[in-house]
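Try each task before you read its solution.

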Amino acid sequence: MKQAMFTALQIVTLLVIATLGHLMALFWYLADKNRWKICERTIYDLPISEEQIRREMKNSLHTPMHAVILAVFLYLGFFRNTSLASFICSGLATAIWAEIWHYGSHRAFHLRALHWIHLEHHKSRLNSPFTAISFSFTEKLIFDIGLLAPLAAVDGLFGLNAFGIAAWYVGYLVINSFSHANFEMKSGDYNRWLGKVLTSTTYHSLHHSRYSGHYGLGTRILDRIFNTEWDDYESLYRRISHEKRPLGKLRERASASSV
Ligand SMILES: [Zn+2]
Ligand SMILES: [Zn+2]
């Protein structure tokens, strides 16, 4: 009997990856509209225009391409190891490479010659429930191919597992959606421990409002190494999360900053 192109579980997983960004956007839209408790610590107390929401929703039409590009790699025969060890190692390898690739490509997109690729995402100076799925087609194409092609090369040496990579995509779509909410959800003392390494919603909000610095995806590690972190981040975080005092201007600062 001829083998099916994809297993049922692979199809379900790809469908989850194709739609999760929109489901998360819907969640944040409802949370904001109904003023759920998780939205009480506003980051920027500024209005978001209808025009921005319309533009972001239009851009989001090609968000399912994450699933399409992963499906192409699976169709070509990559990532077929089925062991548990490979599942765990594939998830970890994807997370580490994604952090490096995202930081490097993101900084490159901020260079004048390449900024057209990233411009659409940055038209949103203030994050809305839909900003996390608002990218140009080219940006997501480059991100996904740059993420998966090196992993496909590694797959030739150490068999990688498709579900380990898919698990990273699921985590990315959820966390990236949180990172673009206009509310801080983490505790007031987050930056004393976990927050020294991991980013927060406030962290990425400053990238949008100030247009530079904070290029990291899920961690602060590379921003610290390459000195691209705003030095008033932690005091602004404290103000928003602990004192519950939102920022009133996009360029507002807690102190002189170095980026
Ligand atoms: Zn950027
Ligand atoms: Zn962003």
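**Exercise 1: α3 against α6**

Helix α3 (residues 65-75) and helix α6 (residues 137-155) have axes that come within 10 Å and cross at roughly 30 degrees. That makes α3 roughly parallel to α6. This is a predicted model, where local features need pLDDT of at least 70 and side-chain atom pairs count only at pLDDT 80 or more, while totals for chains, interfaces and linings use all residues. Residues are numbered from 1 along each chain as its sequence is written, and chains are lettered from A and ligands numbered from 1 in the order in which they are written.

Task: find out which residues of α3 and α6 meet, and sort them by class.

Solution. 
- Step 1, the terms. Helices are DSSP runs (H or I, at least four residues), numbered from the N terminus. Axes are lines fitted to C-alpha atoms, for helices over the stretch in contact, with angles from 0 to 180 degrees between N-to-C directions. Angles under 35 degrees count as roughly parallel, over 145 as roughly antiparallel, 65 to 115 as roughly perpendicular and the rest as oblique.
- Step 2, the residues. From α3 come Met65, His66, Ile69, Leu70 and Phe73, and they meet Lys140, Leu141, Asp144, Ile145, Leu148 and Ala152 in α6. Being in contact means that C-beta atoms, placed from the backbone, lie within 7 Å.
- Step 3, the classes. The contact of α3 with α6 has eight nonpolar, one polar and two charged residues. Here Ala, Val, Leu, Ile, Met, Phe, Trp, Tyr, Cys and Pro count as nonpolar, Asp, Glu, Lys and Arg as charged, and the others, Gly among them, as polar.

**Exercise 2: two other partners of α6**

Task: say how α4 (84-109) and α5 (residues 115-122) are each turned relative to α6.

Solution. 
- Step 1, α4. α4 and α6 pack at an angle of about 140 degrees, and their axes are 10 Å apart. The two are therefore oblique to each other.
- Step 2, who touches whom. α4 brings Ala93, Thr94, Trp97, Ala98, Trp101, Ser105 and Phe109, and among the α6 residues they meet are Phe143, Leu147 and Leu151. By class, this contact has 11 nonpolar, three polar and one charged residues.
- Step 3, α5. Now the angle with α6 is about 110 degrees, with the axes 7 Å apart, so α5 and α6 are roughly perpendicular to each other.
- Step 4, its contact. Ile117, His118 and His121 of α5 pair up with Thr138, Glu139 and Ile142 of α6. That gives two nonpolar, three polar and one charged residues.
- Step 5, handedness. α4 and α6 make a right-handed crossing, whereas α5 passes α6 in a left-handed one. A crossing is left-handed if the near helix is turned anticlockwise from the far one by less than a right angle, and right-handed if clockwise.

**Exercise 3: the core and Phe79**

Task: which residues touch the most other members of the largest nonpolar core, and is phenylalanine 79 buried or exposed?

Solution. 
- Step 1, the core. It has 43 residues, and Ile17, Leu70, Leu74, Phe79, Ile165 and Tyr169 touch the most other members. A nonpolar core is a set of buried Ala, Val, Leu, Ile, Met, Phe, Trp, Tyr and Cys residues joined through C-beta atoms within 7 Å.
- Step 2, where it comes from. Elements giving two or more residues include α1 (8-33), α3, α4 and α7 (162-179). The largest share, eight residues, comes from α7.
- Step 3, Phe79. Phenylalanine 79 is in the loop between α3 and α4 and is buried, with 25 other C-beta atoms within 10 Å. The cut-offs are 20 or more such atoms for buried, 12 or fewer for exposed, and partly exposed in between, with C-beta atoms placed from the backbone.
- Step 4, its backbone. Phenylalanine 79 has a positive phi of about 60 degrees although it is not a glycine. Most residues other than glycine have a negative phi.

Conventions: Two residues are in contact if their C-beta atoms, placed from the backbone, lie within 7 Å.
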